[in-house]
Amino acid sequence: KHTASRRLILPCRAALEKATGLLREDGLIILSHPLGRGFLRRLHEKDPIRVPHLLPDAAMLTSLTRFLPLDLEYCEGLTSEEDPFIVVLRRRPVAVMERPLFLRGKVASGFGRGSKKLGFPTANLPSSEFANHLEDLPVGVYCGWAVVEYSPGETDRTVYPMVANIGYSPTFEGQENTEKIVEAYLIGYNPRAASVEEMSAGDFYGKPLRLLITGRQRPELKFDGFLELRARIATDVEDAAHASEAIEPIRALKDHPLLRCAEEDLPLFVGVDQVSQDCCWREDFLDVFLMEAESRAE
Ligand SMILES: Cc1cc2nc3c(=O)[nH]c(=O)nc-3n(C[C@H](O)[C@H](O)[C@H](O)COP(=O)(O)O)c2cc1C
């Protein structure tokens with residue numbers, strides 16, 4: 001059933017994904033061939049069974065690494081046929097999600113296990129607000145963008161970079177979340193520096209929150225203690241802040257209409273299995289926006 005090109009690409013992608021999973025952060029994958037792309041192409045044309053793969057060109061490398069947490073660190077021979085070929089890829093903390101996720105729900109108060117003491121107060125959206133939509137989403141730390149609707153009808157709401165733990169908080173043994181919870185920390189959110197409307201509205205509990213979840217950072221872990229968890233969250237925040245500026249299309253998605261539009265326009269995007277007026281979600285509509293953002297970046 002598979003076309004020749006799929007046979008060429010799929011095993012390379014799977015191998016690269018597996019190798020990426022073995023790397024520590026900042027670890028390197030080096031692809032090299034002293035005789036270059038043209039040499040390998042001629043071997044492949046002569047005997048495609050024994051030499052099934054080509055060395056990638058720039059477009060193929062981009063498509064192979066698009067949703068893997070890899071940065072291109074160095075390359076030679078990527079555009080020429082006869083020069084020695086070398087590509088160095090570095091493991092970074094954030095992967096762009098193939099299917100970004102949009103959620104809107106009312107912020108519930110936390111379990112009071114100490115998000116304030118941790119120094120990272122979070123806005124919580126319990127997964128039960130979204131029917132069974134989040135059931136298959138792997139637990140872990142994700143990043144993206146957040147908007148708080150402080151009062152209806154505002155026109156220029158702040159879009160914050162955010163990092164969210166989606167899971168059960170296993171570090172708090174005996175006090176784990178009873179259901180999967182999306183706990184989002186809004187980076188740079190500071191009620192004292194916020195607008196007049198935001199200040200008079202106090203904090204975000206009970207307000208509708210929009211989240212565009214666009215990157216995956218790491219699995220949820222059980223830490224030995226509070227200090228270890230706090231140190232790791234600080235790193236997660238740095239990684240998410242960096243991704244929001246440096247990784248396309250995460251950066252570009254800040255301007256997605258789902259974050260920016262008025263609330264009365266949201267039902268246009270809402271799925272049919274919406275459970276209440278305050279809650280909606282989508283994950284199947286961003287492809288066009290992502291492709292446009294990528295071509296703008298090229
Ligand atoms: C970026 C981020 C990463 C987190 N990662 C983990 C984790 O790996 N393991 C864990 O048990 N809890 C993790 N947490 C959840 C914290 O445990 C949670 O925010 C804390 O329990 C406070 O919750 P509460 O005040 O709502 O009860 C993370 C939270 C954030 C914001």
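This note reviews the largest pocket and several individual residues of the structure above.

1. Basis. The model is predicted, so that local features need pLDDT of at least 70 and side-chain atom pairs count only at pLDDT 80 or more, while totals for chains, interfaces and linings use all residues. Residues are numbered from 1 along each chain as its sequence is written, and side-chain values use heavy atoms, leaving out hydrogens and water.

2. Largest pocket. The largest pocket holds about 580 Å³ of space. A pocket is found on a 1 Å grid over the protein atoms alone, as an open set of points where a 1.4 Å probe fits, with protein on both sides within 12 Å along at least five of seven lines; lining residues have an atom within 4 Å of a point. The volume is the space filled by probe spheres set on the points, which are joined across faces, edges and corners. Of its 26 lining residues, A95, M97, P138, Y142 and R216 are the closest to the centre.

3. Origin of the lining. Two or more residues come from each of α1 (4-22), β4 and β9 (208-218), and β4 gives the most, with 6 residues. Helices (H or I, at least four residues) and strands (E, at least two) are DSSP runs, numbered from the N terminus. Domain 1 (4-91) and domain 2 (95-285) each supply at least three lining residues; the bounds come from an automatic or database domain assignment. By class, the lining has 13 nonpolar, 4 polar and 9 charged residues. Here Ala, Val, Leu, Ile, Met, Phe, Trp, Tyr, Cys and Pro count as nonpolar, Asp, Glu, Lys and Arg as charged, and the others, Gly among them, as polar.

4. R92. This residue lies in the loop between β3 (85-91) and β4 (95-106). R92 counts as buried because its relative accessibility is 12%; buried means under 20% relative accessible area, exposed over 50%, and partly exposed in between (1.4 Å probe, protein chains only). Its side chain makes a polar contact of 2.7 Å with the side chain of D71. Such a contact is a pair of N or O atoms within 3.5 Å; within protein, one must be able to donate a hydrogen and the other to accept it, and residues adjacent in sequence count only if both atoms are side-chain atoms. Beyond neighbours within four places in sequence, R92 is in contact (heavy atoms within 4.5 Å) with E25, L68, P69, L70, D71 and I247.

5. V139 and P126. V139, in the loop between β5 (123-126) and β6 (140-148), is partly exposed at 29% relative accessibility. Sequence neighbours within four places aside, its contacts are I166, G167, Y168, K180, R216, P219 and E220. P126 is in strand β5 and is buried at 14% relative accessibility. Not counting residues up to four places away in sequence, P126 touches A108, E179, K180 and I181.

6. Backbone geometry to inspect. Most residues other than glycine have a negative phi, and most peptide bonds are trans. A131, in the loop between β5 and β6, has a positive phi near 45 degrees and is partly exposed at 38%. S169, in the loop between β7 (160-167) and β8 (181-186), has a positive phi of about 55 degrees and is buried at 9%. The peptide bond from E248 to P249 is cis, with omega near 5 degrees; P249 lies in the loop between α6 (226-246) and α7 (257-260).
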